[in-house]
Amino acid sequence: MKPFALCFGLFLMLFNISTSAQDNHSAKSSQDDSSAVQATVQDYIEAYYTGDVSRMKQTLHPLYLKHLIHGTIPMRKKTASQMLSDVRAHGSADHSEHLEQISVLDVSGNIASAKLITQGWVDYITLSKSDEGWKILSVVQQIYN
């Protein structure tokens, strides 16, 4: 009976060590993903402000869709190609005038959500992770008046 108890005790100890190592790896991975999501949203807003179409394109998922909510104006939507056209037409702006706050709300596996607050609007952003990194899949934007 003692050999069984000894073996069982060793098994539990090794299982606990393995689980702790996985938890530590998972926490680091989650922290890395959160930083990558933050960087993607930062690139997105800076590309918008500076009119950098190439940088904006790097942040957008091919199926990107943005919904704009603005007072009593009917809800509008934009696709990735429409967003890139807007950035191209917008041109460059003085980024120092623009303040933004980015919060990563959640990261779960290959999806994440973030909130972007600017002086003129708030965006709720959904991102997905692929081999190419984190990409913005959808945005719901409330424009202030």
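The count comes to 4 salt bridges, a salt bridge being a side-chain nitrogen of Lys or Arg within 4 Å of a carboxyl oxygen of Asp or Glu. This is a predicted model, in which local features need pLDDT of at least 70, side-chain atom pairs count only at pLDDT 80 or more, and totals for chains, interfaces and linings use all residues. Residues are numbered from 1 along each chain as its sequence is written, and side-chain values use heavy atoms, without hydrogens or water.

Start with Asp33 and Lys129. Their closest N and O atoms are 2.9 Å apart. Helices (H or I, at least four residues) and strands (E, at least two) are DSSP runs, numbered from the N terminus. Asp33 is buried, at 10% relative accessible area. Lys129 is partly exposed, at 32%. Buried means under 20% relative accessible area, exposed over 50%, and partly exposed in between (1.4 Å probe, protein chains only).

Next comes a network. Salt bridges link Asp43, Glu46 and Arg55. Glu46 and Arg55 meet at 2.6 Å, N to O. Arg55 is partly exposed, with 26% relative accessibility.

Lys78 and Asp86 form another salt bridge, at 2.3 Å, N to O. Asp86 is partly exposed, at 31%. Both residues also line the largest pocket, with Tyr44, Trp121 and Gln141 among the others. Helix α1 gives the most to that lining, with 3 residues. A pocket here is an open set of points on a 1 Å grid over the protein atoms alone, where a 1.4 Å probe fits, with protein on both sides within 12 Å along at least five of seven lines; lining residues have an atom within 4 Å of a point.
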